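Hi,

Here is the structure I said I'd pass on.

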Amino acid sequence: MTTIKLKTPIEHDGKAIGSIEVGEPSVGAVREFTRATAGGEDAAAVLAGTLALLSFDCRIPVEVLERIKISDLTAISEALAPFMAAPTPASGGTGASSAQT
């Protein structure tokens, strides 16, 4: 886990949030990222996906996360980057045997 200290704390449920813990995303968070970016890979789609992923794993509503400063979001994105490579199948196939006689 990496702790990202926010330059400007945000408020949620009457509490100040001064940092966000970022680590390997859960499967559910990746699903939310994928749903949010289904329309394309432009900057708006990636931003929506990143906010959806953070919201899922951090349990902070997107509307609250939207108040994070862009420099803080950049630091969060950099912490997430190693985990966001496209998955590749382990066997390179569909799971069915490819042997033919």
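First, a convention: a crossing is called left-handed if the near helix is turned anticlockwise from the far one by less than a right angle, and right-handed if clockwise. Helices (H or I, at least four residues) and strands (E, at least two) are DSSP runs, numbered from the N terminus. This is a predicted model, so to speak of local features I needed pLDDT of at least 70, and side-chain atom pairs count only at pLDDT 80 or more, while totals for chains, interfaces and linings use all residues. Residues are numbered from 1 along each chain as its sequence is written, and side-chain values use heavy atoms, with hydrogens and water left out.

Now the helix pair. Two packed helices are described by the angle between their axes and the distance between the axes. The axes of H1 (residues 27–36) and H2 (residues 43–58) come within 8 Å and cross at roughly 155°; axes here are lines fitted to C-alpha atoms, for helices over the stretch in contact, with angles from 0 to 180 degrees between N-to-C directions. H1 and H2 are therefore roughly antiparallel (over 145 degrees; under 35 is roughly parallel, 65 to 115 roughly perpendicular, the rest oblique). Their crossing is right-handed.

Contact (heavy atoms within 4.5 Å) involves residues including Val30 and Phe33 in H1, and Leu53 and Phe56 in H2. The residues of this contact divide into ten nonpolar, three polar and three charged.

Shared partners join Arg31, Glu32 and Arg35 into one network. Glu32 and Arg35 sit three residues apart in H1, so about one helical turn separates them. Arg31 is partly exposed at 39% relative accessibility, and Arg35 is exposed at 54% (buried is under 20% relative accessible area, exposed over 50%, partly exposed in between; 1.4 Å probe, protein chains only).

Most residues other than glycine have a negative phi. Asp13, in the loop between strands S1 (2–12) and S2 (15–22), has a positive phi of about 55° and is exposed at 68%. Arg59, in the loop between H2 and H3 (62–65), has a phi near 60° and is exposed at 61%.

Cheers

Notes:
A salt bridge is a side-chain nitrogen of Lys or Arg within 4 Å of a carboxyl oxygen of Asp or Glu. Ala, Val, Leu, Ile, Met, Phe, Trp, Tyr, Cys and Pro count as nonpolar, Asp, Glu, Lys and Arg as charged, and the others, Gly among them, as polar.
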